[in-house]
Amino acid sequence: MTHVLVLGAGAWGTALAAHLGRKGTRVTLWAYEPEVVAGINGTHRNPLFLPDVELPASVTAVGAVSGLETVDAVLVVAPSKMFRSVLQHAEGIRPGTPIISATKGLEPGSLDLMTEVIADGLPSGRPAVLSGPSFAEEVAHGAPTAVVGAAEDEEVARAVQEIFASPAFRVYASTDVVGVQLGGALKNVIAVAAGMLEGLGLGHNPRAALITRGLAEITRLGEAMGADPRTFAGLAGVGDLVLTTTGSLSRNRQLGEFVGKGGTLAQWKETHRSVAEGADTALTAVELGHRHGVELPLCQQVHAVLYEQKDPRKALVDLMGRPQKTEVWR
C-alpha cells in the first residue's frame, strides 16, 4: 500500500486525503489544530474544514510527524506564506521521495514558486506540483475532476500521475512546473477581480473580458519566466481560471464580491478562517512583474483595491481608460 504524508488539513488537504484514502492509499494527515486531529481520528470527520465529508479509515491524523521511513510521497497543502515552515515536518524523509505542492501561490519576500521552496528547504526530495480546476468540496465528494501533475523530471511527473489518478480524478502529466504554478497562483488574483465585478453588479460582459485579458496577463509573465505558453491553454491555465472566476465555491471570488459590495480585506480576514490566496498573491505578483519587466494591470488594480483602499469602480475606470492596444500582432 502506498503511504502518503499530507501536510495541511484545511479543506483542500482534507479533500485530497479523502480522495487518496478512497483509492486505498494509506494517508497520514498532519494538522495544526488539535481539534482537527481528534475529530478525524475519533469520527473520521474534520470538524473545522469539510465537516460533512466522512474520511476513509485509511486516513489518520497526527499533530506531530513520525515514521517518515515508510512514506512514499509527501503532499504539502499549506498557505504560501506558511509553506516553508510546514515543509520542515518532512525533514528526514528518504532521499528521492516526491514532494508535491498543492499550494497555489508565491512565497512572500523571495517570490519563489513552491517547487523552488521545496528544492531549497528539502533538497533531498524531488519537487513536483498538483494543480488545475478543482474545488475542494467537489473533490471530497468524488465529483469528476481533471488536473495536472508537473515536475521537471518526467519520471516524477508520472509518479504524481500514478499516485493521484482514479476513475473520478484524471491527472495529466507535464514538465512545465513554472507554467503550471503561475497559472494556479495568478488565477486567484483574477478571481478576486471577478468577484469585485459581481459585487458591483456589472453583469457578464466585463467578466468575459476579465477572463480573457487575465489569461493574457498570466501568459505574458509566464513566457518571461520561461514557461511554455501552451500550458496556459490547458487545465492549469484557462481551466483553473474559468473555474475560479465563475464558480461560487471560490474563496477568492467570494473575497472580491465582499470588497465589491463595500467591505475591506481586513474585515474579511476577521470573519473567515480559510485563506484566500489571491490576496497575498496580489502583492507578490506585482513584485514579480516588476522583477521581470512585465506589465500586470489587472493584478496592479486588485492590489490597489485591497491594500491602498482604491474604490473598485475607480479601478475599473482606470483599466478601461488605458491606451488602446492590438490583441494579436506585436
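Predicted model: local features only at pLDDT ≥ 70, side-chain atom pairs only at ≥ 80, totals over all residues.
View 1. What does Lys187 touch? Leaving aside residues up to four places away in sequence, its contacts are Lys104, Leu182, Ile218, Asp240, Leu241 and Thr244.

**View 2. Leu182 and its neighbours.** Here's one of the residues from that list, seen from its own side: Leu182 touches Lys187. Leu182 also touches Leu106, Leu113, Ile218, Leu221, Gly222, Met225, Phe232 and Leu288, again not counting residues up to four places away in sequence.

**View 3. Helix 7 alongside helix 8.** Helix 7 covers residues 177–200 and helix 8 covers residues 205–224. Their axes lie 10 Å apart, and the packing angle is about 155 degrees. The two helices are therefore roughly antiparallel to each other. The crossing of helix 7 past helix 8 is right-handed. On the helix 7 side, the contact is made by Leu182, Gly183, Leu186, Lys187, Ile190, Ala193, Ala194, Leu197 and Glu198. Helix 8 answers with Pro206, Arg207, Leu210, Gly214, Ile218, Leu221 and Gly222. Sorted by class, this contact of helix 7 with helix 8 has 10 nonpolar, 3 polar and 3 charged residues.

**View 4. Helix 7 across helix 13.** Now for another partner of helix 7. Helix 7 and helix 13 pack at about 65 degrees, with 9 Å between their axes. This time helix 7 makes a left-handed crossing. Val189, Ile190, Val192, Ala193 and Met196 of helix 7 meet Leu298, Cys299, Val302, Val305 and Leu306 of helix 13. What classes of residue make up the contact of helix 7 with helix 13? There are 10 nonpolar residues, no polar ones and no charged ones.

**View 5. Helix 13, tucked in among other helices.** The buried ones are Pro297, Leu298, Cys299, Gln301, Val302, His303, Ala304, Val305 and Leu306. Which helices do these buried residues of helix 13 pack against? They pack against helix 7, helix 8, helix 10, helix 11, helix 12 and helix 14 (312–320). Following helix 13 comes Gln309, which has a positive phi, near 55 degrees.

**View 6. The largest nonpolar core.** This core has 45 residues, and the ones touching the most other members are Leu182, Leu186, Leu255, Val302 and Leu306. At least two core residues come from each of strand 7 (145–150), helix 7, helix 8, helix 9 (235–246), helix 10 (251–260), helix 11 (265–271), helix 12 (277–292) and helix 13 (297–308). Which helix gives the largest share? Helix 7 does, with 13 residues. Another core, of 41 residues, lies apart from this one, and its members include Val37, Ile40, Ala140 and Val156.

**View 7. Gly109, out in a loop.** Gly109 belongs to the loop between strand 5 (98–101) and helix 4 (114–121). Is Gly109 buried or exposed? Its relative accessible area is 63%, over the 50% cut-off, so Gly109 is exposed. C-alpha to C-alpha, Gly109 and Arg45 are 36 Å apart in space, and 64 residues separate them in sequence.

Key. Residues numbered from 1 in each chain as written. Heavy atoms only, no water. Axes fitted to C-alpha atoms, helices over the stretch in contact; angles between N-to-C directions. Helix = DSSP H or I, 4+ residues; strand = E, 2+ residues; numbered from the N terminus. Parallel < 35°, antiparallel > 145°, perpendicular 65-115°, else oblique. Left-handed = near helix turned anticlockwise from the far one by under 90°. Contact = heavy atoms within 4.5 Å. Nonpolar A, V, L, I, M, F, W, Y, C, P; charged D, E, K, R; others polar. Core = buried A, V, L, I, M, F, W, Y, C linked by side-chain atoms within 4.5 Å. Buried < 20%, exposed > 50% of the residue type's maximum accessible area, 1.4 Å probe, protein only.
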